[in-house]
Amino acid sequence: MIVMNAVDYLVIAVVAVIVGLGIWFIYRSKKKGVKCIGCPDGATCSGKCSSCSSQCSCDRHQ
């Protein structure tokens, strides 16, 4: 049987908070209309790599 101490619970809580914040950031960005999260021009990016390379200045789509 595995016994967990307080440090284990703390680590699990910190990881859960980080994952939760990531999900919240993605949800908030999508609600604002950002098509390509992570792009500097994400709000103007169409989200399609073939057409995005002409609009987006980031390296992801080139």
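**View 1. V19 sits in helix α1, which spans residues 6–32.** Helices (H or I, at least four residues) and strands (E, at least two) are DSSP runs, numbered from the N terminus. The model is predicted: local features need pLDDT of at least 70, side-chain atom pairs count only at pLDDT 80 or more, and totals for chains, interfaces and linings use all residues. Residues are numbered from 1 along each chain as its sequence is written, and side-chain values use heavy atoms, with hydrogens and water left out. V19 is partly exposed, at a relative accessible area of 48%. Here buried means under 20% relative accessible area, exposed over 50%, and partly exposed in between (1.4 Å probe, protein chains only).

**View 2. V19 belongs to a nonpolar surface patch with V7, V11, V15 and I23.** Patches are made of residues with over 30% relative accessible area and no salt bridge; like charges are joined within 9 Å, nonpolar side chains (Val, Leu, Ile, Met, Phe, Trp, Tyr) within 5 Å. A salt bridge is a side-chain nitrogen of Lys or Arg within 4 Å of a carboxyl oxygen of Asp or Glu. Accessible areas come from the Shrake-Rupley method with a 1.4 Å probe; for residues, only the protein chains shown count as cover.

**View 3. R28 lies over the face of W24.** The distance to the ring centre is 4.6 Å. A charge sits over a ring if NZ of Lys or CZ of Arg is within 6 Å of the ring centre and within 35 degrees of the ring normal.

**View 4. S29 is a buried residue, with a relative accessible area of 8%.** S29 is part of helix α1. Beyond its neighbours within four places in sequence, S29 is in contact with V34 and I37. Contact means heavy atoms within 4.5 Å.

**View 5. F25 and I37 are 9.4 Å apart in space, C-alpha to C-alpha.** In sequence, 12 residues separate F25 and I37. F25 is in helix α1. F25 is partly exposed, with a relative accessible area of 39%.

View 6. Of its 62 residues, 16% count as buried. The accessible surface of the chain is about 5000 Å², and carbon and sulfur atoms hold 66% of that surface. Among contacts with a separation of 6 or more, 3% join residues 24 or more positions apart.
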